[in-house]
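Here is a friendly note to read with the model open beside you. Take the points one at a time, and find each residue on screen before moving on.

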Amino acid sequence: MNRLLFLFLLSAVTVSGQNNPLKFSVRSVGDGDWSSARTWEPKRVPTAGDRVLISPGTVVRFDAKATPVIRLLQVAGTLRFARDRSTELNVALLKVQGGNRCTERGFACDFHGVNKAGEPNAVPTGAMPTLEVGTLQNPIPAKHMARIRLHFIKGMDEDDAPALVCCSARMELHGAPMNRTWLKLGATAKVGDAKVTVDGAVKGWRVGHSVIVTASKKHSDVGTEERVIKGIDGRVLTLDRPLRAEHFGTGEFRSEVANLSRNVIIESADPEGVRGHTMFHRYSKGGISYARFAHLGKRGVLGRYAIHFHLAGTTMRGSAVVGAAIVDSHNRWITVHGTQYLMVRDCVGYQSVGHGYFLEDGTEVFNLLDRNLGVQAFLGRRLPDQVLPFDSNDGAAFWWANGRNTLTRNVAVENDRYGYRYDSQRRSNFNSNLPVLMPDGKTKTVDIRTLAISRFEANESHSEGLYSVALAGTDGVGPDTRHPHRVRGLKLWQTHYALRAQLPTMLIENVHIDHAAYGIYRPWFENHVYRNLHIAATGTEPFNRGLDDQSLQYGSITVDGLTFSQLGSGGRMPLIQMSANNVTGKAEAHFRNVTVRGRTGRWPLMNLGGGPRLQPSTPKGVPYYLHNHFGPGKHAKVVSTRAKDLLSDGNKYAKETDLTGDESVVAEVRNVNFPELLHPIDDLPPATLITRIDEIGGRLKIHGTTHDNGTIKIVTVNGQPARIHSQQHGVADWTIEMATPAQLTATATDTAGNAEKNPHKLNLIPKKP
């Protein structure tokens, strides 16, 4: 293009701010360095208060050691941070978007094809504007820092600015990788220790990095401790000062050490003043890896979060947040809103007002949250105009409302209210029938309360303020017995309420509860199947009755494999509380393979609860069966002495030491089958994400992750089988190499034979010579 014509077209570009048309004061007129006057028109380097445009078709290399505060920076071309030096961009509003206009709104996009709220609703055309702070293939090297500092300038809208916003553009934020961002302790750290041992290698961790050592006890005066690394010797970290509390590092229940430092940093310049926020809009591309987001999030303002994927739908499928540290947020760590097929992995969230990892409106599906750490999500308040009115925003590390998301290998620590909170309600001011993406790629309106939690597995919670895991809120609405909620492999320790299982139709397996006040708490007993539970050192109510003090049981439960240990004295409190009211008249409770170890004091196995003991309000009581208690085929039937219908069933009831309490009796019965309450089938296909594409010697190496509620059998890309490198808890990481095609189609099949119906497709545009 003729240079004079180019300048003439640029001169017509204006900025609209506070209803006043404002011109860009500086704009790029060619490729070049930020620090070179020749890059700009007029011929000077941008300075304090400027409104700067990176013009379409230009590539600017950001090489500044530190800029003055730029008022507005719009990237309509490409802004690429240098990788051979440390850099710092000070800015109030940084917007990555195309078009020929911009505003000083820190939420809305400004080009044609947006709605009144400034949200994109049309597929963009032409070259994609790009902010590149490293890439997956070439991140910012560890010896350099790339920092974006968001400043508030008086006169801007405090609810909008400062901000970093990606509007149907590409935003890449990638720091130096780490093999792990957090690990378990490998040895107990005692009070006064200035060295800690972790249980794995710490590649990418450096002297000077900030770390936390998480709490090991609930309601501790000290809890999680922040320190700085002063030395690294293999797996031993020397800290800048001694620890003030003991942190467990041996046995099954151990605390974590997490790294909070990264060499790509997005932060609010004034944490005590007006904070900034970041977001990706629909049709955006790119992702985040090993970057630090510090002192962000606007307290009490809807949509202004530390990291926010806003109504992206499937347009960002395969994008990921990997290895990020989100520190001291005043409004969430990572919010996934109306967005599908996103991966959040190996992140560290530390201190947030309100929920931390948050799926916002109940339509989110097929997202993967894997091996993240969430520490200290604090009590917040409901946000104005929030989508789900029943959410109290009261401090959960992980919060979601749609069961068709995968949560695996995460750890929650020392959060005000919940480690994990699933909540899906219908209210007078909220209809739970929502448009939800189905596995075939079509959208269907369904009651989200009926969509089962498909995979909640190998997660851990400890040292919590109140609850470790709370799965509740559907008022008894749930999936059918072929598609139960699936909860597996939990470790819940040093907590008050361990597992609130207040949903019907649940399959709960391999759960270890240790040092809790309440073990299984306030359950909605209806088609519950428990297998292999271990409840230790849980001294108030180890296994609660139906809905706690309401003592309501709607349907039957089975428990196969239940061990109680380290009990202490329980007074008249039973290990298993009996429900008083049989709401449907069909409820029963069946137990087998029950073991009690280390019992001291009274602790009867089965009795009415220790709180209010209600007179039954239903005609029938709930019988409790302990299968094979008197020998093979000879079962114990335990009933409440208040259940008159059961006492008159013709059996000879009596007391039995250690089995019955002051208001329960037992009789020997035979010919009672251990019922099969659930008939689970797997008819849900996998979800596949292409997460990275490398070009090597004229060929492509394609990386991806597939997750499923079962086991992945095969992943193919363009019909060719990929190599699955690892698979744990239904999450498979894979690669494949091939010649460059015009399109990639990645799909998977699980061992149940479910073939993915909505594969991940990517069009590859050949590079121009």
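1. Let us begin with a term. Helices and strands are DSSP runs numbered from the N terminus, and a strand needs at least two residues. With that in hand, look at Pro162, which sits in the loop between strand S13 (146-150) and strand S14 (163-166). Please keep in mind throughout that this is a predicted model.

2. Stay with Pro162 for a moment. Its peptide bond with Ala161 is cis, and omega is near -5 degrees. A cis peptide bond also joins Glu41 and Pro42, where omega is about 0 degrees. You will find Pro42 in the loop between strand S5 (40-41) and strand S6 (51-54).

3. Now to a sheet. Here 6 strands make up an open sheet, in the order S16-S21-S18-S19-S20-S17, with antiparallel pairing. Its edge strands are S16 (182-184) and S17 (195-197), each of which pairs on one side only. On average, neighbouring strands of this sheet are turned by 35 degrees against each other, direction ignored.

4. Strand S17 and strand S20 (residues 236-239) run antiparallel and are joined by 3 bridges. Thr197 has Val236 in S20 as its bridge partner.

5. There is another sheet to trace: 4 strands form an open sheet in the order S57-S58-S62-S61, and the pairing is antiparallel. Why is one side of strand S57 (687-696) and of strand S61 (723-728) left without a neighbour in the sheet? Both stand at the edges, and each has a single partner strand, so one side stays without a neighbour. From one strand to the next, the twist of this sheet averages 15 degrees.

6. Inside this sheet, follow strand S58 (residues 699-707) and strand S62 (residues 731-739). These run antiparallel, with 9 bridges joining them. As an example to find on screen, Ile702 stands opposite Ile736 in S62.

7. Which residues have the most contacts inside the largest nonpolar core? That core has 105 residues, and the answer is Trp34, Leu73, Leu79, Ile334, Leu471, Phe543 and Phe591. Another core, of 48 residues, lies apart from the largest one and includes Ile229, Trp399, Tyr521 and Ala687.

8. Next, the empty spaces. Rolling a probe the size of a water molecule over the atoms shows where empty space is left. A search of the whole structure finds 4 cavities of 30 Å³ or more, and the largest cavity has a volume of about 90 Å³. Its lining includes Phe366, Arg404, Ser454, His707 and Asp708. Ala687, already met as a member of the 48-residue core, is also one of the residues lining the largest cavity.

9. Is Leu311 buried, partly exposed or exposed? Its relative accessibility is 30%, so Leu311 counts as partly exposed.

10. Although not a glycine, Asp658 has a positive phi of about 75 degrees. Asp658 lies in the loop between helix H2 (644-647) and strand S56 (664-669). With a relative accessible area of 34%, Asp658 is partly exposed.

Definitions and conventions
Residues are numbered from 1 along each chain as its sequence is written. This is a predicted model: local features need pLDDT of at least 70, side-chain atom pairs count only at pLDDT 80 or more; totals for chains, interfaces and linings use all residues. Side-chain values use heavy atoms; hydrogens and water are left out. Two strands pair if DSSP finds at least two bridges between them. Axes are lines fitted to C-alpha atoms, for helices over the stretch in contact, and angles run from 0 to 180 degrees between N-to-C directions. A nonpolar core is a set of buried Ala, Val, Leu, Ile, Met, Phe, Trp, Tyr and Cys residues joined through side-chain atoms within 4.5 Å. Buried means under 20% relative accessible area, exposed over 50%, partly exposed in between (1.4 Å probe, protein chains only). On a 1 Å grid over the protein atoms alone, a cavity is a set of points where a 1.4 Å probe fits but cannot get out, and a pocket is an open set with protein on both sides within 12 Å along at least five of seven lines; lining residues have an atom within 4 Å of a point. Grid points are joined across faces, edges and corners, and a volume is the space filled by probe spheres set on the points.
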